[in-house]
There are 2 protein chains.
Amino acid sequence: MKSHVMPANTQVRLSSRPVGMPSVENFVLADAPIPSLSAGAVLVETLYLSLDPYMRGRMSEAKNYAASIDIGDVVVGSAVGCVIDSEDPSFKPGEIVESPSGWQSYAVVQGASLRRIDPNLAPISTSLGVLGMPGLTAYFSTLSVGRPMPGDTVVVSGAGGAVGQLAGQFAKLAGCRVVGVAGSDRKAAYCRDQLGFDAVVNYKTASNLKEAIAQACPRGVDVYLDGVGGSISAAVNENLALHARVVIFGQISQSNLSSPEVGPVSMRYMLTSRARVEGFIVSDWQSRNHEALTRISSWLRAGSVKYSEHIVEGLENAPAAFIGMLSGDNLGKTLVKVR
Amino acid sequence: MKSHVMPANTQVRLSSRPVGMPSVENFVLADAPIPSLSAGAVLVETLYLSLDPYMRGRMSEAKNYAASIDIGDVVVGSAVGCVIDSEDPSFKPGEIVESPSGWQSYAVVQGASLRRIDPNLAPISTSLGVLGMPGLTAYFSTLSVGRPMPGDTVVVSGAGGAVGQLAGQFAKLAGCRVVGVAGSDRKAAYCRDQLGFDAVVNYKTASNLKEAIAQACPRGVDVYLDGVGGSISAAVNENLALHARVVIFGQISQSNLSSPEVGPVSMRYMLTSRARVEGFIVSDWQSRNHEALTRISSWLRAGSVKYSEHIVEGLENAPAAFIGMLSGDNLGKTLVKVR
């Protein structure tokens, strides 16, 4: 470390594995020293921390597409931060980067794992949202896997969330009728009035969700973009049109269950619809990230895509904010403003 | 009718809708007059009647990909028969045809709905099996939708059934490791010893089906060809390899349930595997039937594909034979020899 005065590195660590919905007791705040920098390493101060549904999976021991967090470890997560010190010649103090810092105020990471952010192009927080993983997830899952055609009816679950808001807007750009499924009237109104969705079904107040979706999609569902799963998907799947495409990019409804949700297991709708259902993980598509970010940026500049952020102040509030996001408190991308 | 003496037309009609597994009481035998032939119509005497799982769906009122049978109607089904009389100039008495005759000893059908069968090419019963709908289902679902690559591990449910036996053999021809799932040791031995499957799991005796499939598929399941669904599919889906393909051409395990089977609804395996699941109905592929039948015929002549038939004598035994097929009594294609 150089000689300037560093505050302590505050960390949020996993203190016990959540059973069902996490509680703040599953996390502990602690201070830690900042290690010295070896060759290729960079010290990054966290400005914004991203909170994402996938993190819940990492807190469990169950098989997943990425390794579990061990008890006592700093919770994983992406952040946007400022380079404080660097032993990687390609990064200089003062630069803004997206970094796999985790839930802590400072992180030492390899330069190769950083993505440089130009703060003049867009607010730096967008590198965790519309111009980051959620935007890329929405872009590739909707346009490259779902492949909506003009005139298609596209249903988006989690419509008020970080990915859902964007997926619906991308489908509108592709000339589709877009129907969201969301958990509050506030989210429904936002998607309809601000984002241009054609209809939004509130799954918490619909008396018969299958019927409500049928009414909103009189010609059936051609593309279903799903980050939720469970009973919402069961209702949508009963309304699939012939040769429908379903893209599963998350299963947030299942992530907090200590015993699996049970329901009808028949996939007979696959025969009536001859649907194609496909699982999606954004990291598989990273070779095309530049294309996607270029297009999304241009849509933002043109005002044809909007985004919203749900910002919580203070790293110490990350556990409560994370729990709130899993409960659907957020409208759009959930972020913790760390400094 | 011309002057030659006709026996009565014996019909099997649906007398009540089955609840759960059908019973013989859901059917009634009756004699009916044979209508006179209008222009374009053909009188066909049934030689073999095909029994297929899809017929169970037609006996229910629930939404399906084809219309329900009404109470009192002759049960639908394909048959191979002999032309007795014809008002369609393209068919002559004595010709052998595949015909949508239903469960009856004679049928008057439009010539346009008939397919001429050459009895010199293969036994005529094969036009209902390996050279008919089951063979086409296995061909297109395995090779055109599942698209196995040499070295892939392919799992086939209902391995001892009409479609499963062929699907597994077609995957062997494509250079794959083939693992069947079947409901008896007799079927398992047949698939292994006669058809060249690499392994067969008996789902009725496996103490832990997920584990048994994992052991038979140490590199995971690249392609899953599924006509069964339910708990068998749940166990296979937990073993999918990255970018697996699942083809659903039936859901026989679900067809007799008076209330839906419930089980875990999470599709998290779609994220870990990034699988593609696709529903399949053979009629969507009929523009390529000639290609498929030509290739399957050449494989039969070369001895590289085998088939087995489960033949029951007498139209009056069709209901019991149908129930037996739904219970898994058959090894291979279930047929009723009507005359």
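Two residues are taken to be in contact if their C-beta atoms, placed from the backbone, lie within 7 Å. On this criterion, 31 residues of chain A are in contact with 31 residues of chain B. The model is predicted, with local features requiring pLDDT of at least 70 and side-chain atom pairs counting only at pLDDT 80 or more, whereas totals for chains, interfaces and linings use all residues. Residues are numbered from 1 along each chain as its sequence is written, and chains are lettered from A and ligands numbered from 1 in the order in which they are written.

The secondary structure of chain A comprises nine helices and 16 strands; these are DSSP runs numbered from the N terminus, helices being H or I of at least four residues and strands E of at least two. Along the principal axes, the C-alpha atoms of chain A fill a box of roughly 65 × 45 × 30 Å.

An automatic or database domain assignment divides chain A into domain 1 (9–128 + 307–337) and domain 2 (133–283). Their centres, taken over C-alpha atoms, are separated by 28 Å. The contact between them takes 17 residues from domain 1 and 18 residues from domain 2. On the domain 1 side, helix 1 (54–58) and strand 16 (333–337) each supply at least two residues.

On the side of chain A that touches chain B, at least two residues each come from helix 6 (230–237), strand 13 (262–264), helix 7 (269–273) and strand 14 (276–279). Strand 13 of chain A pairs with strand 13 (residues 262–264) of chain B in the antiparallel sense over three bridges, pairing being assigned if DSSP finds at least two bridges between two strands. Within this pair, A:Val262 stands opposite B:Pro264.

Both chains also contribute to an open sheet of 12 strands with mixed pairing, in the order 10(A)-9(A)-8(A)-11(A)-12(A)-14(A)-14(B)-12(B)-11(B)-8(B)-9(B)-10(B). The edges are formed by strand 10 (199–202) of chain A and strand 10 (199–202) of chain B, each of which pairs on one side only. In chain B, strand 9 (residues 177–182) runs parallel to strand 10 and is joined to strand 10 by four bridges; B:Gly180 has B:Val200 of strand 10 as its bridge partner.
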